[in-house]
Amino acid sequence: MRKLILIVMVFMLAGCAAHQISFQDIDYSIDTQKYDRKMTVVMDSKTLNDEVTIKSWMTGIGQDWNAQPGQMVKQVADIEFPQMFESYEFVEVSQEPQQGTPNITMKIGVPKYVFASFQATITVTAKVYGDDKSVLLEKTYTETGMKQGAKMFWGGAFAMKSAVRQSSFDALKKIFSSLRQDLREALS
């Protein structure tokens with residue numbers, strides 16, 4: 001029995017590696033009204049490229065799991081906003097709106113990302129401007145994704161990436177659901 005425990009401990013502590021975590025191949029539909037407007041989402045490059053290092057004894061303390069919350073938010077925005085607006089663009093530097101289609105600009109940030117107690121907690125800020133640069137919406141959203149403890153326990157290092165992804169995705173879908181509702185109210 002001691003040998004088995006020792007083998008498990010060595011397996012969990014073995015190997016030092018860093019793993020990048022963002023979403024892969026996500027796609028889903030939302031039931032929403034489509035607006036005849038252009039949505040430009042602005043996220044600065046520091047936020048877009050930020051990495052949050054996660055360590056877990058359960059999945060091997062020698063492993064670094066580098067969550068990329070800015071990339072995750074961009075990936076969800078790239079799915080949701082084209083379904084909600086006639087035109088959509090993601091940029092890292094704010095631009096002057098072009099004439100023609102009415103424009104909405106959203107500055108989005110990710111001030112906090114934590115993966116602890118087997119789940120992700122994400123905070124996203126959104127400030128939305130209309131054509132006349134008036135603020136239509138300014139709000140901070142914080143949500144926690146579903147717990148992934150069983151997956152981490154049984155799958156160890158092999159399941160950690162999936163656990164972080166699934167919990168983060170769940171939290172972001174909750175955030176974007178609230179954001180869609182607030183956008184509907186701001187645009188009506």
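Contact here means heavy atoms within 4.5 Å. By that criterion, and leaving out residues up to four places away in sequence, Tyr113 touches Val52, Ile54, Ala67, Pro69, Met72, Ala120, Thr121, Ile122, Val164 and Ser168. The structure described in this report is a predicted model.

**Overall composition**

The protein contains five helices and eight strands. Along the sequence these elements follow the pattern α-β-β-α-β-β-α-β-β-β-β-α-α. Of its 188 residues, 44% count as buried. The accessible surface comes to about 10,200 Å², and carbon and sulfur atoms account for 53% of this area. Among contacts between residues at least 6 apart in sequence, 71% join residues at least 24 apart.

Five strands form an open sheet of mixed pairing, in the order 5-2-6-7-8. Strand 5 (85-91) and strand 8 stand at the edges with a single partner strand each, so one side of each is left without a neighbour in the sheet. From one strand to the next, the twist averages 20°. Helix 3 (residues 69-84) packs on this sheet and touches strand 2, strand 5, strand 6 and strand 7. The direction of helix 3 makes about 160° with that of strand 5.

| Strand pair | Sense | Bridges |
|---|---|---|
| Strand 2 and strand 5 | parallel | six bridges |
| Strand 2 and strand 6 | parallel | five bridges |
| Strand 6 and strand 7 | antiparallel | 10 bridges |
| Strand 7 and strand 8 | antiparallel | nine bridges |

Phe115 stands opposite Ala120 in strand 7. In a regular strand the side chains alternate between the two faces of the sheet.

**Two hairpins**

Strand 6 (residues 103-116) pairs with strand 7, and the hairpin of these two strands has two residues between them. In that hairpin, Ser117 takes a positive phi near 55°. The hairpin of strand 7 and strand 8 has five residues between the strands, and Lys133 lies in its turn. The phi of Lys133 is positive, at about 65°, although Lys133 is not a glycine. Most residues other than glycine have a negative phi.

Is Lys133 buried or exposed? The relative accessible area of Lys133 is 52%; because the cut-off for exposed is over 50%, Lys133 counts as exposed.

The largest nonpolar core has 43 residues. Those with the most contacts inside this core are Phe81, Met106, Tyr113 and Leu183. Helix 5 gives the most to the core, with nine residues. In soluble globular proteins, nonpolar side chains tend to be buried together. The neighbours of Tyr113, a member of this core, include Val164 and Ser168 as well as Ala120, Thr121 and Ile122.

Helix 5 (residues 157-187) also holds Ser167. Where does the side chain of Ser167 reach? The side chain of Ser167 reaches the backbone oxygen of Met146 at 2.9 Å. Ser167 has a relative accessible area of 0%; because the cut-off for buried is under 20%, Ser167 counts as buried.

**Summary of the main elements**

The mixed sheet has the strand order 5-2-6-7-8, and helix 3 packs on it. Strand 7 pairs in the antiparallel sense with strand 6 and with strand 8. The largest nonpolar core, of 43 residues, draws nine residues from helix 5.

Definitions and conventions: Residues numbered from 1 in each chain as written. Predicted model: local features only at pLDDT ≥ 70, side-chain atom pairs only at ≥ 80, totals over all residues. Heavy atoms only, no water. Buried < 20%, exposed > 50% of the residue type's maximum accessible area, 1.4 Å probe, protein only. Helix = DSSP H or I, 4+ residues; strand = E, 2+ residues; numbered from the N terminus. Polar contact = N/O pair within 3.5 Å; in protein donor to acceptor, adjacent residues only side chain to side chain. Core = buried A, V, L, I, M, F, W, Y, C linked by side-chain atoms within 4.5 Å. Pairing = 2+ DSSP bridges. Areas by Shrake-Rupley, 256 points an atom, 1.4 Å probe, with all protein chains shown as cover. Axes fitted to C-alpha atoms, helices over the stretch in contact; angles between N-to-C directions.
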